Amino acid sequence: DVANYLTFGASPYVCGTPIGPKQNDVFFGREDLIANIQRQISTSGNVILLEGNRRTGKSSILKHLEGMNIIPGWLSVYYSFQGTEGSCKGVGVTTTEIFQEMAYCIVKALQALGAPTLLPNGSYATPEQKLGLAKACREGIGDVAPFSDFRDFIEAILHHLQERELGLVLMLDEFDKLQEGIANGITSPQVPENLRFLVQNYPGLTAILSGSRRLRHLREDYWSVLFGLGVRFGVSALRVDAARRLITEPVAGMLVYSPEAISRCIELTACQPFLLQCLCSRIFDMASEIKLHSITLDVVNEAANLFARENEHFASLWKDIGSDRGRFILTLCHQDSQEVEFFSLSGLQEQLYSWEILTDVETLIGDVEHLMELELIHLRKDGTKNWYVPAIPLMGIWINHQQDIVALKTRAQMEVENQHE
């Protein structure tokens, strides 16, 4: 019965790993985007740039495109720059390891086709073989000329796939991690140029590059030659109808949400899928503990306070803001949102002055634009007036629990003073 299931059953929501096709009961609202990507690649082989802030569901989208003929006529291979060992010399992945790991992912995808698979060292693996694959990639792609070795491997693989009337899509996730390695001297700045060469010179090869919105601000020549090739797609919040389905459908027959509870979940999370999954999972756990079947507004508010109080996702977003001045601006917006008094740009500057944080308009505009890019605030237009509104009320709860506004003001003042010296 319901009570026993709620006591012992596991939450159906997914709060950590990317959501694959086998978990479509908690995957909503990305159907049109996936169809657009499929159409772009299947009809013209275009490179795709998939941009979105952390935890917006980019990896889950790629997982839904992985495999043979999910994109008609193509074999899609998933590779994450977070899945490599990295260098002992600093943050980043060596050029050699990048190409070795990409080759390994291609080998695993080819094995799934059920035929003997060519390995980078010239040997073959059976479809069932598990051991020795990584070693063969290391042997075939060496430190002296890793890209040349990888190019030879790709040429052979593309010839094999062409016989099956298939192209190859390299889905490169967490692509902005590549910049960390380049900045730290671990990864060659030639790697983006290498990838550009591959997709431009081999018609049977294309790529999906997934990363944060900050990618568009990288102005180095080695990035511009690559990003000029692609069609951009943004990944952001879900539509309200999809968010409502994500709340209710995974627990249909177990929990019943009141209309007010559903609206509050949507409001608190701003329809961000990761936050919705986590909040609803917390609600499910509470309902299981007290054998509750009906979810009311009060239950949602209690779960939200428990969930947001100590949350690593919000701590990461707080770090991403990058400046104490920007963090203080976000804190001000959340403070006054409780009284439904939002700030215009001039109002924000006046508030900063009242807290003795003396910043010029140009700097303030940069801070505000960065917060908007991170989707932490958004612009609301009312006639001729523009107001900046906090985007994620749940993060306001986290700020109230975790941050001291007086200490934050002091740090922001020191930051401004140091910049003026």
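A residue counts as buried when its relative accessible area is under 20%. In this predicted model, Ser59 has a relative accessibility of 15% and is therefore buried. Ser59 belongs to helix H3, which covers residues 58-63. Apart from neighbours within four places in sequence, Ser59 is in contact with Pro18, Tyr78, Asp173 and Glu174.

Confidence in the model was considered next. The mean pLDDT of the chain is 89, and 90% of its residues reach 70 or more. Over residues 1-6, however, the pLDDT is below 50. Beyond near neighbours in sequence, this stretch has 15 contacts in the model.

Gln277 is placed in helix H12, which comprises residues 273-290. The relative accessible area of Gln277 is 3%, so this residue is buried. When residues up to four places away in sequence are not counted, Gln277 touches Tyr13, Val14, Cys15, Ile19, Val26 and Leu246. Trp318 lies in helix H14, residues 312-321. With a relative accessible area of 9%, Trp318 is likewise buried. The contacts of Trp318, leaving aside neighbours within four places in sequence, are Arg327, Leu330, Thr331, Met395, Trp398, Ile399, Gln403 and Leu408. One of these residues, Leu330, is 12 residues from Trp318 in sequence. The C-alpha atoms of Trp318 and Leu330 are 9.5 Å apart in space.

Helix H11, formed by residues 259-269, contributes the buried residues Ala261, Ile262, Cys265, Ile266, Leu268 and Thr269. These buried residues pack against several helices and strands. The helices are H10 (240-248), H12, H13 (297-309) and H18 (393-402). The strands are S9 (256-257) and S10 (294-295). Ala270 follows H11 and has a positive phi, near 55°.

The packing of helices H6 and H8 was examined as a pair. H6 spans residues 146-163, and H8 spans residues 191-201. Their axes are 11 Å apart and form an angle of about 20°. Angles under 35 degrees count as roughly parallel, and H6 and H8 are therefore roughly parallel to each other. The crossing in which H6 passes H8 is right-handed. From H6, the residues Phe147, Phe150 and Arg151 take part in the contact, and they meet Asn194, Phe197 and Leu198 of H8. Sorted by class, the contact of H6 with H8 consists of 4 nonpolar, 1 polar and 1 charged residues.

Positive phi values also occur at two loop positions. Glu165 is located in the loop between helix H6 and strand S6 (167-173). Its phi is positive, at about 60°, although Glu165 is not a glycine. The relative accessibility of Glu165 is 70%, and this residue therefore counts as exposed. Asn69 is located in the loop that joins strand S2 (67-68) and strand S3 (74-80). Asn69 is not a glycine either, yet it has a positive phi of about 65°. At 40% relative accessibility, Asn69 counts as partly exposed, the class that lies between the limits of 20% and 50%.

How values were computed
Residues are numbered from 1 along each chain as its sequence is written. This is a predicted model: local features need pLDDT of at least 70, side-chain atom pairs count only at pLDDT 80 or more; totals for chains, interfaces and linings use all residues. Side-chain values use heavy atoms; hydrogens and water are left out. Helices (H or I, at least four residues) and strands (E, at least two) are DSSP runs, numbered from the N terminus. Buried means under 20% relative accessible area, exposed over 50%, partly exposed in between (1.4 Å probe, protein chains only). pLDDT is the predictor's confidence in each residue, from 0 to 100. Contact means heavy atoms within 4.5 Å. Axes are lines fitted to C-alpha atoms, for helices over the stretch in contact, and angles run from 0 to 180 degrees between N-to-C directions. Angles under 35 degrees count as roughly parallel, over 145 as roughly antiparallel, 65 to 115 as roughly perpendicular and the rest as oblique. A crossing is left-handed if the near helix is turned anticlockwise from the far one by less than a right angle, and right-handed if clockwise. Ala, Val, Leu, Ile, Met, Phe, Trp, Tyr, Cys and Pro count as nonpolar, Asp, Glu, Lys and Arg as charged, and the others, Gly among them, as polar.
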